[in-house]
Every structure is written in C-alpha cells, then in structure tokens.
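Thanks for coming, everyone. I would like to walk you through one structure today, beginning with a pair of loop residues and ending with the core.

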Amino acid sequence: MIVLSAWPAAAADSARPTRDAAEIGPLEMRAAPGQAPAGYRHTPPPRYPTVARERGLEGVVLLSVLVRPDGRVEEARVASSSGTSVLDDAALAAVRTWVFAPATRGGRPVESVVEVPVKFALKAP
C-alpha cells in the first residue's frame with residue numbers, strides 16, 4: 001500500500017481544546033502498476049454523534065472506499081470497526097458524501113480503492 005501524507009483539517013478547532021474531534025488519517029491506496037494514487041479533495045469531517053459523546057465513546061474506523069473516475073464515492077464499507085456501530089455509521093455517512101482527487105493511469109482518471117482511517121476522540125476539558 002502507498003501511504004500519502006495528506007491530512008485534511010481536523011474537526012476540532014485548535015482554539016477550543018475541549019471540543020470533540022473526528023480526524024481523518026492518511027489515505028492508503030491499493031495501487032496498480034503505473035497508477036498515480038487518489039487523494040483527498042473535499043472531505044468534511046464526520047460529526048461526532050451526540051450519543052457517542054455522552055457515553056464517552058472513542059475509536060478508529062477504517063473504511064474501504066471505491067472511488068469512481070470522477071472522484072465520487074461508488075461504495076464504502078467498514079474494513080475495521082471502531083467497536084461501536086454509532087461511530088462506524090457516522091464515518092460511513094460522511095465519507096459517502098466526499099469527493100476525492102481520482103487515481104490516474106496514463107494521465108486518465110481511473111477507479112480505485114482507498115482506505116481511510118477516521119479517528120473519533122474526546123478532548124479533555
């Protein structure tokens with residue numbers, strides 16, 4: 001797998017350290033030979049579910065995402081659960097709306113599979 005160093009902005013505002021965060025980690029791609037990897041384009045972070053925040057739930061969800069040649073998500077599934085369905089569902093709902101910079105082969109956009117880690121963490125007051 002190729003690991004890109006793209007880190008979209010975290011949901012947490014650094015000026016407010018008590019805010020909950022859903023952070024998106026580095027994008028990983030199963031790259032075919034001669035293929036330039038996909039990247040992040042428009043990736044608003046997931047909302048931290050209220051019920052998860054109230055229960056103190058945290059975790060990392062690893063999503064496997066099929067990205068179309070136009071950069072839109074064709075399909076997304078949980079590759080590795082956070083252990084909590086409410087966090088998994090929040091990550092899936094957000095990622096399904098994202099737009100990626102598509103992978104390319106020979107300068108032409110192609111379909112690709114990327115793995116996106118989404119970390120949900122509660123910040124201490």
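Predicted model: local features only at pLDDT ≥ 70, side-chain atom pairs only at ≥ 80, totals over all residues.

Let me start with Ser-82, which lies in the loop between strand 7 and helix 2. Is Ser-82 buried or exposed? Its relative accessibility is 16%, and because the cut-off for buried is under 20%, Ser-82 counts as buried. The side chain of Ser-82 makes a polar contact with the side chain of Asp-88, at 2.8 Å, and a polar atom of the Ser-82 side chain also lies 3.1 Å from the backbone oxygen of Thr-84. If we leave aside neighbours within four places in sequence, Ser-82 is in contact with Gly-59, Val-60, Val-61, Leu-87 and Asp-88.

Now to the other loop, the one between helix 1 and strand 6, where we find Leu-57. With a relative accessible area of 23%, Leu-57 is partly exposed. Beyond its neighbours within four places in sequence, Leu-57 has contacts that include Thr-84, Val-86, Leu-87 and Leu-122. The C-alpha atoms of Leu-57 and Ala-121 are 8.0 Å apart, although the two residues are 64 apart in sequence.

Finally, the core. The largest nonpolar core has 24 residues, and those touching the most other members are Leu-63, Val-65, Trp-98, Phe-100, Val-114, Val-116 and Phe-120. Strand 6, strand 7, helix 2 and strand 11 each supply at least two residues of this core, and helix 2 gives the most, with six.

Notes: Residues numbered from 1 in each chain as written. Heavy atoms only, no water. Core = buried A, V, L, I, M, F, W, Y, C linked by side-chain atoms within 4.5 Å. Buried < 20%, exposed > 50% of the residue type's maximum accessible area, 1.4 Å probe, protein only. Helix = DSSP H or I, 4+ residues; strand = E, 2+ residues; numbered from the N terminus. Contact = heavy atoms within 4.5 Å. Polar contact = N/O pair within 3.5 Å; in protein donor to acceptor, adjacent residues only side chain to side chain.
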